[in-house]
Amino acid sequence: MSEAAAAKRAVRKAARGKAVRGKTAVTFAARLDLEHVWRRYGEAYALQDVTLEVPASTVLCLLGPSGCGKTTLLRIAAGVERPSSGRVLVDAEEVAGPNRFVSPEKRGVGLMFQDFALFPHLSILDNVAFGLRSLTKSQGRAEALHALERVGLAQYAKEYPHILSGGEQQRVALARAIAPRPGVILMDEPFSGLDSQLREAMREDTLAIVREARATCIVVTHDAEEAMRMGDRVALMQKGRIVQTGTAPELYRAPSTLFAARVFSDLNEMRSTVRGGRAETPLGTFPAKGLAEGTDAIVCVRQSGVRLLKPGKGTPGRILDTRFLGDVGLVEVAVQGLDDPVLARVREADVPEKGAEVGVAVDEGAILVFEAGNGDEGPSP
Ligand code: ATP
């Protein structure tokens, strides 16, 4: 086993504690639909015409920058907030809309908050049993214990939350969300309070538990890599709207706007004008599919798609600076005809010396061309 794999394993083992995780009971996964949902606060819209389909047993990651409406969407799906207009359906049954509003506890939708929101004065078992008030006390406690077994923390049932680490608190919150066996689980940035190594272990454990339960799941994140790693599907939000939905490779390879492209890749951006269906730049002339003659365009080159060659090949350039990033190096290259340096991510072993003359070429597959101005705003209302 490699050193990295061994370290990862050790972290995961430490995160789990000594207990063996029980088997997760299967829930009946539900399909979740939002149809033309708007949410208005005074003059401002937190959600604008949001339509989202989450098929049963799908893990959908809701990705977007701070303030774009992710939490509002989750709260509306859970029923702790009402839409200003539009409908929410669970298994094709309206749970929020013009004619109906089903309360959160009757929706079969579990919500896991960003800060875990454990009650400090309740035991860990009682925290998990909190959402099981429709059961008798002893039934509720039995179900709660079962949920704690599933996340590997049954040995802490009688303790109080303050003795737990951040990762363990996160797992208690997960146990509380799955204990009522909801068909849909909604998680608001569930890993944001954890350090990066623990976050990775938690992500895998959480996904395993959700998949074992076969629950439908929405996970909110503002981290594109996390969304791509976790989601069967990813929905990208911007300013209260869903701008693109698809699988991770679909969004990465074919972002619909410049905003989406910037979310999924580190880019170099160059301005150009479309002539004869192509956009010319100092790094080459590239197809500008779908853009009319004379359109102001922004040509994007993924940093990972820039190739550094021997001098005399490609476009002439000179290395301004290099930064060590671990497996790869980030190289700043001055290129004739461009005001800003080109950034290239190359294998650490291929990083040239500072000041070296090089040739610069780009992979055709690393080029994306957008109309200038399209993307920062997203689709217009
Ligand atoms: P973050 O990633 O920072 O948690 P978010 O994408 O979850 O952000 P929301 O919390 O849904 O965003 O907020 C969307 C917008 O709605 C923000 O501009 C926010 O200020 C506004 N908003 C949310 N709740 C309310 C409220 N109760 N009253 C007024 N405005 C609100």
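**Group meeting: ligand shell, helices and sheets**

K137 counts as exposed because its relative accessibility is 65%. Exposed means over 50% relative accessible area, buried means under 20%, and partly exposed is in between, with a 1.4 Å probe and protein chains only. K137 lies in helix α4, residues 137-150. Helices here are DSSP runs of H or I with at least four residues, strands are runs of E with at least two, and both are numbered from the N terminus.

A word on the source. This is a predicted model, where local features need pLDDT of at least 70, side-chain atom pairs count only at pLDDT 80 or more, and totals for chains, interfaces and linings use all residues. Residues are numbered from 1 along each chain as its sequence is written, and side-chain values use heavy atoms, with hydrogens and water left out.

A46 belongs to the ligand shell.

Which residues surround the ligand? They are Y41, A46, P65, S66, G67, C68, G69, K70, T71, T72 and E189. The cut-off is one heavy atom within 4 Å. By type, the shell has four nonpolar, five polar and two charged residues. Here Ala, Val, Leu, Ile, Met, Phe, Trp, Tyr, Cys and Pro count as nonpolar, Asp, Glu, Lys and Arg as charged, and the others, Gly among them, as polar.

Next, the contacts. The side chain of S66 has an N or O atom 2.5 Å from a ligand oxygen. For C68, a polar backbone atom is 3.1 Å from an oxygen of the ligand. For G69, a backbone N or O atom is 3.0 Å from a ligand oxygen. Taken alone, the ligand exposes 630 Å², and the protein buries 55% of that. Those areas come from the Shrake-Rupley method with a 1.4 Å probe.

Which helix gives the largest share of the shell? Helix α2, residues 70-78, with three residues. Seven of the nine residues of α2 are buried, so the helix is largely enclosed by the rest of the structure. The buried ones are K70, T72, L73, L74, I76, A77 and A78. Just after α2, G79 takes a positive phi of about 100°.

On to the sheets. Strands of a sheet pair through backbone hydrogen bonds, either parallel or antiparallel. Pairing here needs at least two DSSP bridges between two strands.

Seven bridges join β1, residues 32-41, to β2. In that pair, V37 stands opposite V50.

Another open sheet has five strands, ordered β15-β19-β16-β17-β18, again with antiparallel pairing. β15 (306-309) and β18 (342-347) are the edge strands. Here neighbouring strands are turned by 45° on average, direction ignored. Four bridges join β16 (315-324) to β19 (357-362). T315 has V360 in β19 as its bridge partner.

Last, β20, residues 367-371. Four of its five residues are buried. Five bridges join β14, residues 296-302, to β20, and the two run antiparallel. The bridge partner of C300 in β20 is L368.

How values were computed
Polar contact = N/O pair within 3.5 Å; in protein donor to acceptor, adjacent residues only side chain to side chain. Axes fitted to C-alpha atoms, helices over the stretch in contact; angles between N-to-C directions.
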